[in-house]
Amino acid sequence: MVSQSQDNGNGQTALAPIDIKPLLTKLWPTTNDVTPAEIAEAISHFFTNQVTEAQTASLLMSLHFTKMDFRADVLAESARVMREAAAPIPVKELREVIERRGRKEGNYGGGLCDIVGTGGDSHNTFNISTTSSILASALLLVSKHGNKASTSKSGSADLVNNMKPRPPIISAVRPDTLVKAYSATNYTFLFAPIFHTGMRYVAPIRKQLPWRTIFNNIGPLANPVEDVLEARVIGVARKELGPAFAEALKIAGCKKALVICGEEELDEVSCAGRTLCWMLKDRAGGEVEIEHFTVQPSDFGLSAHPLDTVSPGKEPAENAEILSRILHNELPDDSPLLEFVLMNTAALLVVSGICEANASDMGHEDDGNVVQERGPGGQRWKEGVRRARWALKSGQAWKQWEAFVDVTNEIGA
């Protein structure tokens, strides 16, 4: 696949079309001769608008029906080219501001964290990962990677755009403003179209297809601040994707991550029953291992609640009102929705390593009741919930949200 430059008629240099017919031919009826590198190279040309709509759709459909978009090596390579095509991030400057902020605690190095799901689980639950990302920002530096809804009524961007008394200007968070944002707040929302500009060529094609495509899977693996991302939780809506995502993260060099799938095929830690977990752990000598285990609400010290109690299926404005109530600590402590949020927030806090902090290191964040108990995977899930509750009751989660709103409105103005 060789590209050449040509004039597009507007005095601008455009890249010549790329013919991926040879790859498409190899994808059916067998995929034995196709390598992840070949697929990733073809996908890389999507972002420069060099592949026709027909061939783009054909590759997306082929990957879907051959299930190659479930393979760890394909996901890892494809996510890599998607990240490489994203807007360049000021890595050095970001590392400097992270160091200045000095958020290190326990086994948390003070770096950026994310919690995200693939979506498409058809359970219509509340925007759990977005809410949890805001709660976690009371203690961690968070880079929530998100977009507008594609398979639900209320995507993460739709939710935050409807927050009151005034919403943040999420389009103001760009590569050149990230340092300013993190100088003012622990939280940023990375609106995918701002960073993954090449996806504008793919989006109209995806909308015309009735199936989920590889981009539903590699999107959560393509956080644009990957180079400074310390820890992440990724929810998958298919159980068979769990091991593939964990392995894809390992291939990419990730050292702290938790891949989760509720047994109901839910892309969150389930409040109703068991959740399958694949955890990346950095062992002595720098070797990363993947440990598989399950958690359930009781491991967090919380009650189980049927999914229909946390599946409002509401419009973004209604969900934003619920989010505001949560952040103002207006829900009862045993509210099913609140406990659902707390579990998922706890998961990110655990993965970050902050729950390994000693009580003496916590200062004002310690209420004197540090939970030492360890549960599945040897992790302190109940301590994660304790600290998530502190984020709400102390007002720190709302404080970080307000700072994010203020700085984005200042930049946007």
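**Entry 1: ground rules.** I am working with a predicted model, in which local features need pLDDT of at least 70 and side-chain atom pairs count only at pLDDT 80 or more, while totals for chains, interfaces and linings use all residues. Residues are numbered from 1 along each chain as its sequence is written, and side-chain values use heavy atoms, with hydrogens and water left out.

**Entry 2: strand β7.** Six of the six residues of β7 are buried, so the strand is largely enclosed by the rest of the structure; buried means under 20% relative accessible area, exposed means over 50%, and partly exposed lies in between, for a 1.4 Å probe and protein chains only. I noted that Ala257, Val259 and Cys261 point one way from β7, whereas Leu258, Ile260 and Gly262 point the other way.

I then asked which strands pair with β7, where pairing requires that DSSP finds at least two bridges between two strands. Strand β6 (residues 229-235) pairs with β7 in the parallel sense over four bridges, and Leu258 of β7 is the bridge partner of Val233. The chain crosses from β6 through helix α12 (residues 241-251) to β7 in a right-handed β-α-β crossover, that is, with the strands pointing away from the viewer, the path from the first strand over the helix to the second runs clockwise. Strand β8 (residues 275-282) pairs with β7 in the antiparallel sense over six bridges, and Leu280 of β8 is the bridge partner of Ala257.

**Entry 3: Ser352.** Leaving aside neighbours within four places in sequence, I found Ser352 in contact with residues including Tyr108, Glu230, Ala231 and Lys256, contact meaning heavy atoms within 4.5 Å.

**Entry 4: a pocket.** The search ran on a 1 Å grid over the protein atoms alone, where a cavity is a set of points at which a 1.4 Å probe fits but cannot get out, a pocket is an open set with protein on both sides within 12 Å along at least five of seven lines, and lining residues have an atom within 4 Å of a point. The second largest pocket has a volume of about 300 Å³, a volume being the space filled by probe spheres set on the grid points, which are joined across faces, edges and corners. Of the 14 residues that line this pocket, Lys256, Leu280, Lys281, Asp282 and Val351 lie nearest its centre. β8 gives the most to the lining of the second largest pocket, with four residues.

**Entry 5: cavities.** The structure holds two cavities of 30 Å³ or more. The largest cavity has a volume of about 50 Å³, and Ala76, Arg83, Arg232 and Leu249 are among the residues that line it. Helix α4 (72-85) gives the most to the lining of the largest cavity, with three residues. The second largest cavity holds about 30 Å³ of space, and its lining includes Phe47, Met82, His196 and Met199.
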